[in-house]
Amino acid sequence: MTTALQAELPTNATPKIDPLDAPSLCCPRFHPEGWDNQHLHFDNKRFVRATTKLRDHVPLDMDIVFPETFTAIMDAGALDETHPLVLSRDLSAEQGEHLFAVDAEVPDAEMVTLSGHYRTRVFDAPYEKAPVLMEGFRRELQEEGEEPEESWVFYTTCPLCAEEYGHNYMVLVDKVGNGAA
């Protein structure tokens, strides 16, 4: 099902998330309004890059890597709490890549930037459905004349918070180029 496109956001912005709306005392509650079918424009948007070990696409050390990365970001004063964004993808069946959006350089962290035009789609589904949903989103974008170049998932909450909130929202984020290029 296709929904109307959202209003365009300023460059390097994402829809806001209220960090105080966290009854679980862990992840903020995610509200999909403003995220579905959104256009994101990045121009050298800064991220901290981290990797996790996987076994057949199942994370093995995310519980160590994510807290360490967030601690480094917090210690550097680089976290924008109202615009949290962690883009994840599997590089292989054995390695995951995670980009944590930041507002400043983080010492001793691998820094990367992203530039380009990105499209989003929100799904409320089990984690294991992500590959099928990603493929469907790629086809949808192609049907609209967009050429998907990179695909990411923003897992909006940890599994425990998803269970507590009764929703497992995932935002698919695809970098797109114009199919006519």
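Predicted model: local features only at pLDDT ≥ 70, side-chain atom pairs only at ≥ 80, totals over all residues.
The protein chain comprises 3 helices and 7 strands. From the N terminus, the elements follow the order β-β-α-β-β-β-α-β-α-β. The radius of gyration is 16 Å, close to the 16 Å that the globule rule gives for 181 residues, so the chain is as compact as a globular protein of that length. The C-alpha trace spans about 45 × 35 × 35 Å along its principal axes. Contacts between residues 24 or more positions apart make up 76% of those with a separation of 6 or more. Of the 181 residues, 42% count as buried. The accessible surface comes to about 9,800 Å². Carbon and sulfur atoms contribute 53% of that surface.

Strands β3 (residues 86-90) and β4 (residues 95-101) run antiparallel. They are joined by 5 bridges. The two strands form a hairpin, with 4 residues between them. Within this pairing, Asp90 has Gly96 of β4 as its bridge partner.

Trp35 lies in the segment before β1 (39-55), and Phe154 in strand β6 (residues 146-155), so the pair ties together parts 119 residues apart in sequence. Both partners are buried. Trp35 has a relative accessible area of 1%, and Phe154 has a relative accessibility of 4%. A second pair, Phe70 and Phe100, is edge-to-face. Here the centre-to-centre distance is 5.2 Å and the angle between the planes is 90°. Phe70 counts as partly exposed, at 32% relative accessibility, whereas Phe100 counts as buried, at 1%. Trp35 and Phe154 also belong to one aromatic cluster, together with Phe30 and Tyr169.

The segment before β1 also contains Asn37. This residue counts as buried, because its relative accessibility is 1% and the cut-off for buried is under 20%. Its side chain makes a polar contact with the side chain of Arg119, at 2.9 Å. Arg119 is found in strand β5 (residues 110-124). Arg119 is likewise buried, with a relative accessible area of 2%.

Most residues other than glycine have a negative phi. In Asn37, phi is positive, near 60°. Asp56 also has a positive phi, of about 50°, although it is not a glycine. Asp56 is located in the loop between β1 and β2 (58-59).

Conventions
Residues numbered from 1 in each chain as written. Heavy atoms only, no water. Buried < 20%, exposed > 50% of the residue type's maximum accessible area, 1.4 Å probe, protein only. Polar contact = N/O pair within 3.5 Å; in protein donor to acceptor, adjacent residues only side chain to side chain. Pairing = 2+ DSSP bridges. Rg over C-alpha atoms; globule rule 2.2 N^0.38 Å. Contact = heavy atoms within 4.5 Å. Areas by Shrake-Rupley, 256 points an atom, 1.4 Å probe, with all protein chains shown as cover. Phe/Tyr/Trp six-rings, centres within 6.5 Å; stacked < 30°, edge-to-face > 60°.
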